[in-house]
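I opened a notebook page for a structure I had not seen before.

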Amino acid sequence: RNAAMIIGDERGVQWSAERGWIDLQSAYSIASESKLVTAVTVYRLMARSSGKLMPASFVADWIEEWPKSPALGHNVTLADVMSFTEGFRSKALARTGCMTGEVNWSACVAR
């Protein structure tokens, strides 16, 4: 209902849209609105990686600044991050959301 989005690159604004009371000129807290953009970006990277980047990939293997073993969080996977669980607790609890392989992306969005 209420949303605004702007997409651009080094050439400037390529697309923008406003809906409802939110506009592109006002400042407000975005809260979780970046999650969708991040998820789509990560899924595209996975699709282009020829199997190198997978839901079971450890974030620490891809982000240099991420904690390494034995530090807390060293075993966080992309599945943990994309399902908005942090991976610090039981893996059984962390394997929820759309990265479990139970549903495809379209079915996940439909949920």
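My entries follow in the order in which I looked things up.

**Ground rules.** I am working with a predicted model, where local features need pLDDT of at least 70, side-chain atom pairs count only at pLDDT 80 or more, and totals for chains, interfaces and linings use all residues. I number residues from 1 along each chain as its sequence is written, and side-chain values use heavy atoms, with hydrogens and water left out.

**Fold.** I counted four helices and two strands in the protein chain. Both kinds are DSSP runs numbered from the N terminus: helices are H or I with at least four residues, strands are E with at least two. Along the sequence I read β-β-α-α-α-α. The chain has 111 residues, and 21% of them count as buried. For me, buried means under 20% relative accessible area, exposed over 50%, and partly exposed in between (1.4 Å probe, protein chains only).

I looked up the largest pocket and found about 320 Å³ of space in it. A pocket here is an open set of points on a 1 Å grid over the protein atoms alone, where a 1.4 Å probe fits, with protein on both sides within 12 Å along at least five of seven lines. The volume is the space filled by probe spheres set on the points, which are joined across faces, edges and corners.

What lines the largest pocket? I found 13 residues, with Ala3, Ala4, Met5, Glu33 and Val37 nearest its centre. Lining residues have an atom within 4 Å of a point. Strand S1 (3–9), strand S2 (12–19) and helix H1 (34–48) each give two or more residues. S2 has the largest share, four residues.

**Trp15.** I placed Trp15 in strand S2. Is Trp15 buried or partly exposed? Trp15 is partly exposed, because its relative accessible area is 43%.

**The loop between H1 and H2.** I found Ala56 between H1 and helix H2 (78–82). Ala56 counts as exposed because its relative accessibility is 56%. Ala56 and Leu78 are 22 residues apart in sequence, yet 6.2 Å apart in space, C-alpha to C-alpha.

Ser50 lies in this loop as well. Its phi is near 55°, a positive value in a residue other than glycine. At 70% relative accessibility, Ser50 counts as exposed. Pro70 also sits between H1 and H2. I noted a cis peptide bond from Ser69 to Pro70, with omega near 10°. Most residues other than glycine have a negative phi, and most peptide bonds are trans.
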